[in-house]
Amino acid sequence: MLFHVGFEVSDLARSAAFYDAVFARLGIRRVHDSPSAIAYGSHEPRFWIVERGRPPAPGYGHTAIQASGRVAVDAAYEAALSSGGRDDGPPGLRPQYGPRYYAAYVLDPDGLRLELVAGGH
């Protein structure tokens, strides 16, 4: 069900020092490292911290839900919009995350961000 969880942080270096220390004690390591994002996992990136340069607010961070395929992503996206959600990125390929990464983003009624994803990194 969960594909990954992402938290947006105000200071990536400070947050990375915290999560590095905590996850090291749990046998979890960095599996992705870039100037604006770090991800942790045992093999696949499952827990992300991302710095976007904006203060905490609704939509700050997101949860990604694994879908069975592109048709399911499209259907869930449409269901979200027709059930009180708002668009935050229509279904489509996201090559910056991987060649088969297909996702859509919606905001729930409270403005919390949900990613619907098929494919992989």
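These are my notebook entries on a predicted model of one protein chain.

**Ground rules.** I number residues from 1 along each chain as its sequence is written, and my side-chain values use heavy atoms, with hydrogens and water left out.

**Elements.** I looked up the secondary structure and found two helices and eight strands. Here helices (H or I, at least four residues) and strands (E, at least two) are DSSP runs, numbered from the N terminus. Read from that end, the order is β-α-β-β-β-β-α-β-β-β.

**Inside and surface.** I noted that 40% of the 121 residues are buried. Buried means under 20% relative accessible area, exposed over 50%, and partly exposed in between, using a 1.4 Å probe and protein chains only. I then checked contacts (heavy atoms within 4.5 Å). Of those between residues at least 6 apart in sequence, 50% join residues at least 24 apart.

**Aromatic rings.** My search of the whole structure gave nine aromatic pairs. Rings of Phe, Tyr and Trp (its six-membered ring) pair if their centres lie within 6.5 Å; planes under 30 degrees apart count as stacked, over 60 as edge-to-face and the rest as tilted.

One of the pairs is Phe 7 with Phe 47, edge-to-face at 5.3 Å centre to centre, with 70° between the planes. Phe 7 sits in strand β1 (residues 2-8) and Phe 47 in strand β4 (residues 47-50), 40 residues apart. Which of these two is buried, and which is partly exposed? Phe 7 is partly exposed at 38% relative accessible area, whereas Phe 47 is buried at 16%.

Phe 47 also pairs with Tyr 19: the centres are 5.0 Å apart and the planes stand at 50°, so this pair is tilted. Tyr 19 belongs to helix α1 (residues 12-24) and Phe 47 to strand β4, so the pair ties together parts 28 residues apart in sequence. Both Tyr 19 and Phe 47 are buried.

My last entry is a cluster: ring pairs link Phe 7, Phe 18, Tyr 19, Phe 23, Tyr 40 and Phe 47.

Technical notes: Predicted model: local features only at pLDDT ≥ 70, side-chain atom pairs only at ≥ 80, totals over all residues.
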